[in-house]
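Thank you all for coming; I would like to walk through one structure with you this morning. Please have the sequence and the model in view while I talk.

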Amino acid sequence: MSNERTFIAIKPDGVQRGLISSILSRFENRGYKLVGIKLVTPTESLLREHYNDLQSKPFFPSLLSYMLSGPILATVWEGKDVVKQGRAILGATNPLQSAPGTIRGDFAIETGRNVAHGSDSVESANKEIALWFKKEELVEYKPSLFGWIYE
Ligand code: DAT
Ligand code: MG
């Protein structure tokens, strides 16, 4: 078992398209543990902080307006290698390069409408979780089926 955590967000298009349960079920089915979840209408300053490393990119203004276009489902998942596996479950940034079977490969076509976000490293996961969640919004529990998921 591992207490590694990652931040997974369903972007405004994923929420509006009714993809919440389809996306979350992939993480649940894999065996990862949900430890935080909430619908958020983020502020521009939160998003600027979240995408801090992309502020100088030409696509940043459209990324910002996309992310501000509706509620976002913010989630935190815990488990062994969850940061890297979460990225694999999501697929490539550009959905046209995402393999079928990944979230973006199954549900998206355009980079600017790629339905979900996942942290790209343990370091950014910790930063993003602290940015989107208060400590008391994250729960600790041991699912009774863990013995069937971890040896
Ligand atoms: P990822 O979301 O896979 O971590 P990223 O962190 O490089 O990718 O970029 C964040 C988001 O910005 C991405 O999900 C969609 C948008 N984006 C990235 N590269 C882009 C590009 N070349 N053109 C348009 N939007 C882009
Ligand atoms: Mg990223």
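Let me begin with Ile 103, which has its place in helix H6, where helices (H or I, at least four residues) and strands (E, at least two) are DSSP runs, numbered from the N terminus. This is a predicted model, in which local features need pLDDT of at least 70 and side-chain atom pairs count only at pLDDT 80 or more, while totals for chains, interfaces and linings use all residues. Residues are numbered from 1 along each chain as its sequence is written, chains are lettered from A and ligands numbered from 1 in the order in which they are written, and side-chain values use heavy atoms, with hydrogens and water left out.

Is Ile 103 buried or exposed? With a relative accessible area of 0%, Ile 103 is buried; buried means under 20% relative accessible area, exposed over 50%, and partly exposed in between, with a 1.4 Å probe and protein chains only. If we leave aside neighbours within four places in sequence, Ile 103 is in contact with Ile 23, Arg 26, Phe 27, Ile 89, Leu 90, Ala 108 and Val 115, contact meaning heavy atoms within 4.5 Å. Ile 103 and Phe 146, on the other hand, are 43 residues apart in sequence and 24 Å apart in space, C-alpha to C-alpha.

One of those contacts, Val 115, deserves a word of its own. Val 115 lies in the loop between H6 and S4, and its relative accessible area of 0% makes it buried. The phi of Val 115 is near 60°, a positive value in a residue other than glycine. Asp 81 likewise has a positive phi near 60°, but Asp 81 sits in the loop between S3 and H5 and, at 31% relative accessibility, counts as partly exposed. As background, most residues other than glycine have a negative phi.

In H2, which spans residues 20-30, the residues Ile 23, Leu 24 and Phe 27 are buried. They cover an arc of only 90° around the axis, which puts them on the same side of H2; the arc is that of the directions from the helix axis to the C-beta atoms. In general, an α-helix has 3.6 residues a turn, so residues three or four places apart point the same way. On the other side of H2, Ser 21, Glu 28 and Asn 29 are exposed. The cover over the buried residues of H2 includes S1, strand S2 (33-40), S3, H5 and helix H6 (103-107). Just after H2, Gly 31 takes a positive phi of about 115°.

Now to strand S1, residues 5-10, where six of the six residues are buried, so the strand is largely enclosed by the rest of the structure. Arg 5, Phe 7 and Ala 9 are buried on one side, and Thr 6, Ile 8 and Ile 10 on the other, so that both faces are covered. S1 runs antiparallel to S3, and six bridges join the two, strands being paired if DSSP finds at least two bridges between them; in S3, Ala 74 is the bridge partner of Ala 9. S1 is also antiparallel to strand S4 (residues 116-118), through three bridges, with Ile 10 standing opposite Ala 116.

Which residues does Val 82 touch, not counting residues up to four places away in sequence? They are Glu 4, Arg 5, Thr 6, Tyr 32 and Trp 77. Val 82 is found in helix H5, residues 82-90, and at 0% relative accessibility it counts as buried.

In helix H4 (residues 60-67), the buried residues are Phe 60, Leu 63, Leu 64, Tyr 66 and Met 67. Seen down the axis of H4, they fall within an arc of 165°, so they line one face of the helix. They pack against helix H1 (12-16), helix H3 (44-50) and strand S3 (72-78).

A polar side-chain atom of Arg 87 lies 2.6 Å from an oxygen atom of ligand 1, and an N or O atom in the side chain of Lys 11 is 2.9 Å from a ligand oxygen. For Asn 114, the distance from a side-chain N or O atom to an oxygen atom of ligand 1 is 2.9 Å. Taken alone, ligand 1 exposes 520 Å², and the protein buries 71% of that, with accessible areas from the Shrake-Rupley method and a 1.4 Å probe.

Methods:
A polar contact is a pair of N or O atoms within 3.5 Å; within protein, one must be able to donate a hydrogen and the other to accept it, and residues adjacent in sequence count only if both atoms are side-chain atoms.
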